[in-house]
Amino acid sequence: MKVLKFGGSSVANAENISKVIEILRSESRKQKIAVVVSALGGTTDTLIEAGMLATEKDQGYLEVCKQIRKRHRDAAKQLIKGADQKTVLKEIDAKIDRLEQILTGIFLINEFSDKTKDKILSFGELLSSYIIAEAAKASLKKVELKDSRELITTDSNFTKANVSSRKTNRNISEFFKGNTSKVVILPGFVSRDEKGVTTTLGRGGSDFTAALIAAALKVSILEIWTDVSGMFTANPKLVKQAFPIEQISYQEAMELSHFGAKVLYPPTVQPVLNKNIPILIKNTFAPKDKGTLITRKTNMENGPVKGISHVQDIALLTLEGNGMVGIPGFSKRLFEALSRGNVNVVMITQASSEHSICVGIHSKDSKNAKEIVDQEFAFEISLRKINPLLVEEEQAIIAVVGDNMKSHQGISGRMFRALGKDNVNVRAIAQGASERNISAVIAHKDIKKALNALHNRFFEKQIKTLNLFVVGIGNVGGILLDQIKQQQEHLKEHLLLNIKVVGISNSRKMYFKEEGIDLSQWKSLIAKGKKRTHESFFNTVKKLNLSNSIFMDVTANEDIAETYEAYLKESISVVACNKIACSSNYDNYQELKSLSKKYNASFLFETNVGAGLPVIGTLNNLVNSGDDIHSIHAVLSGSLNFIFNNFNEEKSFHDVVKQAQKEGYTEPDPRIDLSGVDVARKILILARESGLKMNLSDIKNDSFLPKDSLKAKTVAEFYKSLKTNAGHFEKLYQSAQSNGSQLKYVAELNNGKAKVGLKEIGPDHPFFNLRGKDNIVLFYTTRYPENPMIIKGAGAGAEVTASGLFGDIITLGKN
């Protein structure tokens with residue numbers, strides 16, 4: 001024989017009850033079954049609402065009662081057909097008429113005692129069990145309804161009655177011994193005291209009913225049917241990769257349940273635990289799923305950690321002061337005070353210095369706890385021996401659970417390393433000597449991030465998920481999204497990197513999807529996006545609070561560059577091709593570097609110099625390995641190199657610049673490229689990365705542009721000036737030709753000084769044969785004094801710039 005218990009979600013409506021009856025059909029073919037059912041999902045809360053309205057003299061209780069009647073009648077009409085339907089509906093009406101009479105009595109006397117509350121609440125299970133039994137009789141043989149109140153005897157502690165075990169066991173045994181029905185359906189939660197007055201078994205009461213029957217009959221197994229396929233490794237609503245645990249020990253199940261796993265309420269299953277009866281958690285809506293088997297022994301197949309759970313809405317109380325050290329009795333007084341105030345303590349931790357005691361409680365009790373404790377220690381507080389109780393709200397507890405953690409070294413180290421890596425601050429830690437549970441108090445806002453970090457560490461193939469937020473999805477940004485889409489599966493398989501683009505934005509709109517944006521549809525999705533501001537984009541990223549978040553700036557916008565500080569302070573890494581931040585005031589550059597270290601958030605900007613070329617990374621490796629940079633010579637503008645490589649007798653300078661802009665080699669405003677400021681910014685960044693303290697104003701800029709070109713207020717005026725000064729540019733070209741040289745715009749760093757300008761480069765120089773949009777950088781160092789380290793390749797263009805950004809993403813993934 002076995003006992004099956006179906007929760008409120010399993011019997012919420014006629015459709016779900018039909019699924020339950022199919023399960024009963026299958027199970028009853030094999031053996032005799034006892035079936036315990038909860039009230040239709042949500043009915044208990046509705047009954048409480050009706051009682052509260054009645055006691056407040058609000059006739060709205062009648063409307064609530066009408067809703068209860070309609071809901072149960074509708075379920076019965078769908079489940080029961082023919083002549084039996086009328087009888088069933090009549091009985092339902094009779095029960096709800098009785099309910100309405102009791103509620104009217106509450107309304108008249110303005111009193112809703114616990115005794116009356118139990119009478120009211122019992123109607124939920126009594127109605128559901130009656131409807132389910134009658135529906136089952138229509139399609140199953142030998143079905144019987146048994147009122148659990150006739151079996152379970154309790155004291156008169158209403159709303160949370162204590163069971164008289166001896167009488168209850170005898171009643172259950174005697175009833176089932178003489179019963180020949182294949183299926184016995186019983187209401188959960190309800191019971192009676194010695195005087196025959198209805199009582200209820202409190203929270204998890206239906207589980208308790210099932211456990212009492214299972215223990216009394218010593219059945220082979222207790223099955224608890226719910227709306228999930230067992231106990232999961234973590235809350236699947238918060239951790240998408242969570243999966244059902246096939247087998248777990250009683251103790252592990254109790255620990256996970258204490259810390260937020262809602263499938264079981266620990267005290268209610270104690271009867272079967274005492275008799276070593278296995279519990280199987282099954283899914284009513286996926287009956288073929290294996291579920292979770294709870295037994296005395298644990299299963300070691302998936303490692304020592306069995307699950308990760310959490311409790312939210314926690315307040316952390318700290319009692320501290322020098323007057324506590326070495327003085328016995330402080331802990332006793334603290335816990336006695338909390339006990340008098342009915343404040344339940346969820347977690348305790350105390351430093352060995354005895355200077356402080358921390359306890360975690362439910363947030364709803366924090367105000368009461370503060371008043372009670374401060375009153376208890378008023379004398380010591382007045383003498384300043386201890387401080388007033390410190391209350392920290394908006395906390396949560398996460399717990400890593402497993403019977404065999406004590407046999408494995410380094411579990412706690414791995415736990416806290418994973419949290420630290422994701423910048424989850426731990427406020428307090430508790431671990432029992434059994435090492436079955438390691439608990440930590442964290443900020444409530446970090447729950448999801450912490451659960452995912454721990455689940456990834458203990459249960460998943462070590463695939464690291466990066467969550468990208470991309471601002472600037474024009475030419476370069478759009479190509480970057482396409483590159484990511486193309487390589488997602490490759491990176492997951494070969495580098496164990498899962499790259500998700502969670503947020504995208506252009507100058508007008510933004511679009512977010514926490515599960516990851518479908519990159520094949522990003523253009524249509526952004527068109528449907530919300531209006532964006534820098535603030536609204538940042539606030540959304542911050543609120544999502546995802547592990548390994550990366551803000552990507554694929555713009556040349558100064559306002560966006562000014563937001564980096566805010567992202568880094570939230571431990572969100574920044575990847576930028578925007579040069580403005582790194583070439584801004586030196587103090588700002590250093591501050592961003594400092595914030596990156598302080599908040600463990602990377603700040604990468606490889607594409608600031610050389611687009612996809614590994615210029616900054618190579619320079620960093622040289623410096624970090626102890627080499628000294630003596631000088632840097634470089635052609636750093638693919639745009640200017642393209643322009644001067646294509647400028648000749650046949651093409652005017654004006655036309656070549658137009659061509660460069662049209663092909664995407666210059667900014668929309670070509671003055672940025674031709675003024676030399678862009679190159680100056682790049683050599684400035686290399687100077688700073690080599691260890692020099694320098695600002696943009698320290699760089700000498702020998703501009704080749706005529707004065708009226710430099711003074712042009714608009715792009716149109718600038719182009720007009722290029723035509724007007726065509727002779728000036730032809731003269732520059734002819735001079736280089738006559739000397740057998742090429743015109744190159746060169747950046748130089750020598751002896752701590754930097755300059756940029758147009759130079760005639762002879763045929764013996766490495767720059768001479770630089771073609772197209774290529775860049776070249778020469779590093780002269782202590783290790784490379786005469787033959788420099790040379791980096792050469794395409795230094796402009798959307799494809800290579802996007803690949804450089806992609807490279808920074810992969811670098812972050814490997815860290």
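Modeller: Let's start with α22, which passes α23 in a right-handed crossing. Keep in mind that this is a predicted model. The partner helix, α23, covers residues 653–662, and the two axes lie 9 Å apart at an angle of about 140°. That makes α22 oblique to α23, because the antiparallel label is kept for angles over 145 degrees.

As for who touches whom, α22 brings Phe642, Ile643, Phe644 and Asn646, and these meet Phe653, Val656, Val657, Gln659 and Ala660 of α23. Sort that contact by class and you get seven nonpolar residues and two polar ones, with no charged residue.

Now for what else α22 does. The second largest pocket holds about 980 Å³ of space. Among the elements giving two or more residues to its lining is α22 (638–646), together with α15 (475–494), α24 (671–674), α25 (677–689) and α29 (798–814). In total, 43 residues line this pocket, and Val476, Thr555, Ala556, Lys579 and Glu667 are the ones nearest its centre.

Helix α10 (residues 330–340) and helix α11 (residues 366–376) have axes that come within 9 Å and cross at roughly 135°. That puts α10 oblique to α11, and the crossing is right-handed. On the α10 side the contact uses Arg333, Leu334, Ala337, Leu338 and Arg340, while α11 supplies Ala369, Ile372, Val373 and Glu376. Charge does turn up in this one: three charged residues sit alongside six nonpolar, with no polar residue.

The other pair is helix α2 (residues 43–55) with helix α5 (residues 114–137), packed at about 150° with axes 9 Å apart. These two are therefore roughly antiparallel to each other, since 150° is over the 145-degree limit for that label. Again the handedness is right, with α2 passing α5 in a right-handed crossing. Thr43, Thr44, Leu47 and Ile48 of α2 make the contact with Ile120, Leu121, Phe123 and Gly124 of α5. By class that comes to five nonpolar and three polar residues, with none charged.

Conventions:
Residues are numbered from 1 along each chain as its sequence is written. This is a predicted model: local features need pLDDT of at least 70, side-chain atom pairs count only at pLDDT 80 or more; totals for chains, interfaces and linings use all residues. Side-chain values use heavy atoms; hydrogens and water are left out. Axes are lines fitted to C-alpha atoms, for helices over the stretch in contact, and angles run from 0 to 180 degrees between N-to-C directions. Helices (H or I, at least four residues) and strands (E, at least two) are DSSP runs, numbered from the N terminus. Angles under 35 degrees count as roughly parallel, over 145 as roughly antiparallel, 65 to 115 as roughly perpendicular and the rest as oblique. A crossing is left-handed if the near helix is turned anticlockwise from the far one by less than a right angle, and right-handed if clockwise. Contact means heavy atoms within 4.5 Å. Ala, Val, Leu, Ile, Met, Phe, Trp, Tyr, Cys and Pro count as nonpolar, Asp, Glu, Lys and Arg as charged, and the others, Gly among them, as polar. On a 1 Å grid over the protein atoms alone, a cavity is a set of points where a 1.4 Å probe fits but cannot get out, and a pocket is an open set with protein on both sides within 12 Å along at least five of seven lines; lining residues have an atom within 4 Å of a point. Grid points are joined across faces, edges and corners, and a volume is the space filled by probe spheres set on the points.
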